[in-house]
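These entries record what I looked up, in the order in which I took the topics.

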Amino acid sequence: MSIHIEAEKQDIADKILLPGDPLRAKFIAEHFLEDAVLFNKVRNMFGYTGIYKGERVSVMGTGMGMPSISIYARELIVDYGVKKLIRVGTAGSLAPDVHVRDLVLAQAAATTSNIIKNDWPEYDFPQIADFDLLDKAYHIAKDMGVITHVGSVLSADLFYSDLFDKNVKLGTMGVKAVEMEAAALYYLAAKHGVQALGIMTISDSLVADEDTTSEEREKTFTDMMAVGLETLIAE
Ligand SMILES: O=P(O)(O)O[C@H]1O[C@H](CO)[C@@H](O)[C@H]1O
Ligand SMILES: O=c1cc[nH]c(=O)[nH]1
């Protein structure tokens, strides 16, 4: 067990989906995995391991924001030996052509946070997705016929921010969407030599009058869940 996860090492697969919402983790386990077993309920941050198309995979919530995902990603990588981590999150569109329910594959993640600089003050280096996972996810999503955008995202510390106008301006500079975890996940994956990718479903828009309910965000973004699982098991 680790400080925030009560599982034994063998209880967690080396491939994992990471939604922010622990109830989305429960939904994925109940609707996509066979023989799913709950391995964590510390702080209600539900984690499950089960079988997807014959392969052992796990899914666990990370909570909201980079401090929270940094705790879980670090423990999963260092204490449990997880090698492939795919965030399946929601994000707000920053671009007029990126609509609610579209997928965004986060090729890179800019951040407003000091969390990476606090750990690695020397350089401001880019936080990028693992190319192999990105390439696989892109082709899987395209083959499924899901509208999919590839580009950078902004991982913000604040959901409610006075930088709203500046975030929107980033959309005119190629940043597709704003969310709150990908940059820290990419940093930790680089630091520990494992693979990570962020797949986001657009849940609302900062540049158009489009949004979704919390129940939809928990239960209906199944394309993202399927793309994430297929990418985890792809050879
Ligand atoms: O839906 P999740 O995966 O939690 O992701 C997004 O939703 C939360 C904010 O509502 C933040 O965690 C943000 O990154
Ligand atoms: O606008 C949004 C939507 C989802 N997640 C965010 O962080 N921001």
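**Shell of ligand 2**

I counted a residue as near a molecule if its C-beta atom, placed from the backbone, lies within 6 Å of it. Strands here are DSSP runs of E of at least two residues, and helices are runs of H or I of at least four, both numbered from the N terminus. The model is a predicted one, in which local features need pLDDT of at least 70 and side-chain atom pairs count only at pLDDT 80 or more, while totals for chains, interfaces and linings use all residues. Residues are numbered from 1 along each chain as its sequence is written, and chains are lettered from A and ligands numbered from 1 in the order in which they are written.

I listed the shell of ligand 2 as Thr90, Ala91, Gly92, Phe159, Val178, Glu179, Met180, Ser203 and Asp204. At least two residues each come from β5 (84–93), β9 and β10. By class I found four nonpolar, three polar and two charged residues. For these classes, Ala, Val, Leu, Ile, Met, Phe, Trp, Tyr, Cys and Pro are nonpolar, Asp, Glu, Lys and Arg are charged, and the others, Gly among them, are polar.

**Shell of ligand 1**

Around ligand 1 I noted Pro19, Gly20, Asp21, Met64, Gly89, Thr90, Phe159, Glu179, Met180, Glu181 and Arg217. This shell divides into four nonpolar, three polar and four charged residues.

**Annotated positions**

I then consulted the UniProt record, an unreviewed entry, whose "binding site" annotation covers His4, Glu179, Met180, Glu181, Ser203 and Asp204. These positions spread over 201 residues of sequence and, in space, up to 30.9 Å between C-alpha atoms. UniProt positions follow the numbering used here, feature names are shortened, and annotations may be inferred rather than shown by experiment.

Is Glu179 buried or exposed? Glu179 is buried, because 25 other C-beta atoms lie within 10 Å; the cut-offs are 20 or more such atoms for buried, 12 or fewer for exposed, and partly exposed in between, with C-beta atoms placed from the backbone. I placed Glu179 in strand β9 (residues 175–179). Beyond four places in sequence, Glu179 touches Gly89, Thr90, Ala91, Val153, Ser155 and Met200, contact being C-beta atoms, placed from the backbone, within 7 Å.

Ser203 belongs to strand β10 (residues 195–205). Ser203 is buried too, with 22 other C-beta atoms within 10 Å. Its contacts, neighbours within four places set aside, are Thr90, Ala91, Gly92, Val100, Asp211, Thr212 and Arg217.

**Helix α6**

I checked how helix α6 (residues 182–192) is placed: eight of its eleven residues are buried, so the helix is largely enclosed by the rest of the structure. Those residues are Ala182, Ala183, Ala184, Leu185, Tyr186, Tyr187, Leu188 and Ala189. Gly193 follows α6 and has a positive phi, near 70 degrees.

**Whole chain and confidence**

I counted eight helices and ten strands in the chain. The radius of gyration is 16 Å, close to the 18 Å of the globule rule for 235 residues, so the chain is as compact as a globular protein of that length. That radius is taken over C-alpha atoms, and the rule is 2.2 Å times the number of residues to the power 0.38. Of the 235 residues, 48% count as buried.

The chain averages a pLDDT of 95, and 99% of residues score at least 70; pLDDT is the predictor's confidence in each residue, from 0 to 100. For the complex I recorded an ipTM of 0.97 and a pTM of 0.96 from the predictor.

Technical notes
Two residues are in contact if their C-beta atoms, placed from the backbone, lie within 7 Å.
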